[in-house]
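Reader: I am new to this structure and would like to learn how to read its features one at a time. Could you take me through them slowly, giving the general idea before the particular case?

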Amino acid sequence: MIRIAVVEDDPIYTEQLKDYLARYEKSTGEKLVVTCFSDGDEIAVGYKAEYDIILLDIEMGFMDGMTAAEEIRKLDKEVVIIFITNMPQYAIKGYAVDALDYVLKPISYYAFSQRIDRALARMQRRSHRYLYVGGKNGAQKLELSRICYVEVDGHKLTYHTLDGDITSTGAMKDVEDSVDKKMFFRCNKGYLVNLERVDAIRGDNAVVNGEEVQISRSKKKAFLDALNNYINEVGK
């Protein structure tokens, strides 16, 4: 599922972009979820890093696209930004906010689809680095390397990260299937450990970012092998 934000103050272009995305979804089989905003401030103020791609008009009434992109980049370094504009001289400045590309108005479907192809290619290169976590306030994107371990208690999942704990509901199996198997290891029924954050082994416990997490006896050898393989792989 690809989450796309369309930020455009002209309703005619908004509808055209929605139609193009529906056409792209039908032709490629990609599942797209589209959210529309009519001005830059609507997405930038209180921004949540829950989008994969942002299609951003540059000229808007209250907050222009470039300003909105600058605010978004303070909170989200990875979302793919594509500017929509009839003024290419402004879009060229997009390098300052790491914009992937721009599409000129009037918009042709071919040019548009080419940009979406590029955006998806960039996302695929980055996809192994992030995990979407659902919560009361919507989906949140977590950088895998900042997750220390995931703990399950019934249907409650707690993500212990370098930035604090985040809770959600779900199944540990789904989390395990979503992460890099070389980087994360299920050391017992209740814990999924990021091998990058293992500081030491103390008896039957792994010290993960200063906290002790129990390793089940049946999985200890496999855990140590996985940890050793990860260390060797990173050291290459």
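Reader: Where does Ser168 lie, and does it count as buried or exposed?

Author: The model is a predicted one, and within it Ser168 lies in strand S10. Buried means under 20% relative accessible area, and because Ser168 has a relative accessibility of 9%, it counts as buried. Leaving aside neighbours within four places in sequence, Ser168 is in contact with Val133, Gly134, His155, Lys156, Leu157 and Tyr159.

Reader: Which class does Glu151 fall into by its accessibility, and which residues does it touch?

Author: Glu151 has its place in strand S8, and it counts as partly exposed because its relative accessibility is 25%. Not counting residues up to four places away in sequence, Glu151 touches Lys156, Leu157, Thr158, His160, Met172, Gly190 and Tyr191. Glu151 and Leu192 are 41 residues apart in sequence, while their C-alpha atoms are 6.6 Å apart in space.

Reader: How should I read a nonpolar core, and how many residues has the largest one here?

Author: In soluble globular proteins, nonpolar side chains tend to be buried together. In this model the largest nonpolar core has 30 residues, and those with the most contacts inside it include Leu131, Ile147, Val150, Tyr159, Val193, Val208 and Phe223. Among the elements that give two or more residues to this core are strand S6 (130–133), strand S8 (147–153), helix H6 (172–178) and helix H7 (220–234). Apart from it lies another core, of 23 residues, among them Val6, Tyr20, Tyr24 and Ile107. To return to Val208, its contacts beyond four places in sequence are Cys148, Tyr149, Val193, Arg197, Val198, Asp199 and Val213.

Reader: Which residues does the cis peptide bond join, and what is the phi of Asn209?

Author: Backbone angles can be read residue by residue. The cis peptide bond joins Lys105 and Pro106, with omega about -10°, and Pro106 is found in the loop between strand S5 (101–104) and helix H5 (109–126). Phi of Asn209 is near 50°, a positive value in a residue other than glycine. Asn209 has its place in the loop between S14 and strand S15 (211–214), and it counts as partly exposed because its relative accessibility is 38%.

Reader: How many helices and strands does the chain have, and what percentage of its residues count as buried?

Author: The secondary structure of the chain comes to 7 helices and 15 strands, and of its 236 residues 46% count as buried. The C-alpha atoms fill a box of roughly 65 × 30 × 30 Å, taken along the principal axes.

Notes
Residues are numbered from 1 along each chain as its sequence is written. This is a predicted model: local features need pLDDT of at least 70, side-chain atom pairs count only at pLDDT 80 or more; totals for chains, interfaces and linings use all residues. Side-chain values use heavy atoms; hydrogens and water are left out. A nonpolar core is a set of buried Ala, Val, Leu, Ile, Met, Phe, Trp, Tyr and Cys residues joined through side-chain atoms within 4.5 Å. Buried means under 20% relative accessible area, exposed over 50%, partly exposed in between (1.4 Å probe, protein chains only). Helices (H or I, at least four residues) and strands (E, at least two) are DSSP runs, numbered from the N terminus. Contact means heavy atoms within 4.5 Å.
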